[in-house]
Number of protein chains: 2
Amino acid sequence: MNLKELAQKLGLSPTTVSRALNGYPEVNEATRERVQAAAKRHHYRPNTRAIRLATGRAMAVGHVIPLATRHEIVNPIFADFIAGAGEVYARAGYDIVLSVVSDEDEERTYRDLQARGTVDGVILHSMRLDDPRIPLLNETGLPFVAHGRSTGAPGPYSWVDVNNRRAFRRATDFLLDLGHRRIALVNGLEYMDFAIRRRSGYVEAIEARGITVDPALMFSDEMSETRGFRAAQAMLALPDAPTAFVVSSIISAFGVRRAVEERGLRVGRDVSIIIHDDDLSYMKNGDDVPIFTATRSSVREAGRRAAAMVLDLIADPTLPPRESLLEAELIIGQSTGPAPDRKVP
Amino acid sequence: MNLKELAQKLGLSPTTVSRALNGYPEVNEATRERVQAAAKRHHYRPNTRAIRLATGRAMAVGHVIPLATRHEIVNPIFADFIAGAGEVYARAGYDIVLSVVSDEDEERTYRDLQARGTVDGVILHSMRLDDPRIPLLNETGLPFVAHGRSTGAPGPYSWVDVNNRRAFRRATDFLLDLGHRRIALVNGLEYMDFAIRRRSGYVEAIEARGITVDPALMFSDEMSETRGFRAAQAMLALPDAPTAFVVSSIISAFGVRRAVEERGLRVGRDVSIIIHDDDLSYMKNGDDVPIFTATRSSVREAGRRAAAMVLDLIADPTLPPRESLLEAELIIGQSTGPAPDRKVP
DNA sequence: AATCGCAATCAAACCGCTTTGGATCATCGG
DNA sequence: CCGATGATCCAAAGCGGTTTGATTGCGATT
């Protein structure tokens, strides 16, 4: 059942039927009701492909999932981010178009997405330092919002991000206040922008206390259980082992915990662990009692904000770039406690 | 730059240009090259919206992510499944259209997707028992492939699945062979089809040895660290505590391990753990040495197969339903060992 | 009575491509 | 020399909506 057939059945022109269904004022209320009733009765659903061609809008937002060819990892926060964004898109009648792209042909993908009119805007994931996608998209004029920022990227752009620096500053301060002096950082890969910011928050806190940061206590790699385990294992074997860990991901933290326990130490008593928690639905930091003390910020909420932002930009592309900085909350769990050697007064 | 403009520039008709670019034979080779050169020079990209309307195909496959309203969990395997499927779609020029849908309005979503022509086919995720989506999609005629099966669903349908029953039968047998007699099952929610099959493999193995299954050793819930921890904690406190665990997910297994270690027991020596490993990129079961002994089956590979299947069905919808059963491989790690009480000879 | 304004409806153009059904012209066999 | 055959190319009709620019009645205004 298409528009023309429905119009015929009603003895009306396609024009009127279209207008009746789309809420235009120039149609008699009685007629509108008649049309709506008939549409429902015949299960009329306007063809999206036709609407898109006629209106020149794709009614879709692109999400490009960069698949780092180096380590073939899909960002685990992606699913929850999309869940958040999806809520917003659904309300606005927008679809999500996903492209999984190995990072080499990202540029072509974005160019195609725009030139072929597949999407009206895009969300950038996994922001890196000096991310080349920002100038690229600014040049093409396709509306976009970055999830995360990119240190060094030229010019303004819209983004949604957690205040990673402040979160890690707080986390580290929290440990320092507990008397810890040897604090390790188990971070993500440092070509990722968030990792840099986290490190700077960590360094800032340490140096503010007049302590010299020890490169031996800073680790940066994929955030997997095994890498977390190995890093912590090595650090705990040092003559001057850390008494606390600041960890970028709950997954690596599981590995850190394993290393701690393997040495016969107890988390929260002998060694403290504080993590950053993206509040992923399938990777909850405990249900009621948190497993780890954490700086928490919902990635799903970030998805909602980014989606709302990109829809605004699509509606009015002349809008100036917008920014949204989420503050993480500090959740106290049982993985942290006073430094073992010198107790807090 | 659109077709008409490009044709004009070349002094040709749109017809010829279209044919030249799409490889039709009725165009002079010299002309074709001229056209292709011009298309490249002017960065001509055919408008997808127009192609879709003209051809009547959406060139897209729908993936509906059911968001269980009860516990708001996004399936963590989703990202890797999509990464696999994406490879196949990209080669075929298909897009992925994602819908995040709370399970109540799933039906409307599928109906819409088809009637509005947004997609040419769909992949079903998170298969449940008696899944209503199967009769629904069979009725509408929209090509689809299920990731997982649905016990009790009427009629044939195409699917890709791991042999969950056999994997868990093998895992349990492996533990039995090591002398374990009190073996616990930490399973996923049992309205999910995979969980039922896993349990039946587990039960089958136990009963085949003439052992009575103990309901106190069977647990079924969300597969989170905390739930795994609690379940294992409770079981280990039993007078006749299990010496081994079969766990449905690496995430819950981290919790099980924590419970074991918390009791001062050692994994692989005092208590054995064997898991099912979906080989998720961000949740690797160790890099070289596996953390857990596991039945492993790549969810990314499942994605590739499902995608190839749905594209075949789209190309020829009269094709009979196809089935693809993946066998899990048994990976021996260090989390399993002989039963502590009675050693294997 | 002629004119005007307004509400309601419609015909047709258009979005940018594909595809059907010719048209044109050179070549070939008889 | 002529119709048949191919090789090329083109005009125009879709695809299924939206949107522009009329058209039609009819009561109100002058």
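Chain A of this predicted model contains 12 helices and 12 strands. Its C-alpha atoms occupy a box of roughly 90 × 40 × 30 Å along the principal axes. The radius of gyration of chain A is 26 Å, whereas a compact globule of 345 residues would have a value near 20 Å. Of the 345 residues in chain A, 50% count as buried. Among contacts in chain A with a separation of 6 or more, 70% join residues 24 or more positions apart.

Nonpolar side chains tend to be buried together in soluble globular proteins. In the present model, the largest nonpolar core comprises 181 residues. Val310(A) and Val310(B) have the most contacts inside this core. Beyond its neighbours within four places in sequence, Val310(A) touches two stretches of chain A and one further residue. The partners are Val61(A), then Gly121(A) and Ile123(A), and finally Pro143(A), Phe144(A) and Val145(A).The arrangement of the two copies was examined next. Chain A superposes on chain B by a rotation of 180° with 0.0 Å of shift along the axis, at an RMSD of 0.0 Å. The two copies are therefore related as by a two-fold rotation axis. Within chain A, Val97(A) has the C-alpha nearest the axis, at 2.4 Å. Both copies use the same surface: 100% of the contact residues of chain A recur in chain B.

The DNA strands were then considered in turn. DNA strand D is surrounded by 27 residues. The closest are Leu3(A), Ser18(A), Ala50(A) and Ala54(A), along with Ser13(B). Elements from both chains give two or more residues to this surface: α1 (3-10), α2 (14-21) and α4 (48-55) of chain A, and α2 (14-21) and α4 (48-55) of chain B. The most comes from α4(A), which gives 5 residues. By class, the surface near DNA strand D holds 12 nonpolar, 12 polar and 3 charged residues.

Around DNA strand C there are 27 residues. Here Asn2(B), Leu3(B), Ser18(B), Ala50(B) and Ala54(B) come nearest. At least two residues each are supplied by α2 and α4 of chain A and by α1 (3-10), α2 and α4 of chain B. The largest share of the surface near DNA strand C belongs to α4(B), with 5 residues. Its residues divide into 12 nonpolar, 12 polar and 3 charged.

Notes
Residues are numbered from 1 along each chain as its sequence is written. Chains are lettered from A and ligands numbered from 1 in the order in which they are written. This is a predicted model: local features need pLDDT of at least 70, side-chain atom pairs count only at pLDDT 80 or more; totals for chains, interfaces and linings use all residues. A nonpolar core is a set of buried Ala, Val, Leu, Ile, Met, Phe, Trp, Tyr and Cys residues joined through C-beta atoms within 7 Å. A residue is buried if 20 or more other C-beta atoms lie within 10 Å of its own, exposed if 12 or fewer, and partly exposed in between; C-beta atoms are placed from the backbone. Two residues are in contact if their C-beta atoms, placed from the backbone, lie within 7 Å. Copies are superposed by least squares on the C-alpha atoms of residues with pLDDT of at least 70 in both. A residue is near a molecule or strand if its C-beta atom, placed from the backbone, lies within 6 Å of it. Helices (H or I, at least four residues) and strands (E, at least two) are DSSP runs, numbered from the N terminus. Ala, Val, Leu, Ile, Met, Phe, Trp, Tyr, Cys and Pro count as nonpolar, Asp, Glu, Lys and Arg as charged, and the others, Gly among them, as polar. The radius of gyration is taken over C-alpha atoms; the globule rule is 2.2 Å times the number of residues to the power 0.38.
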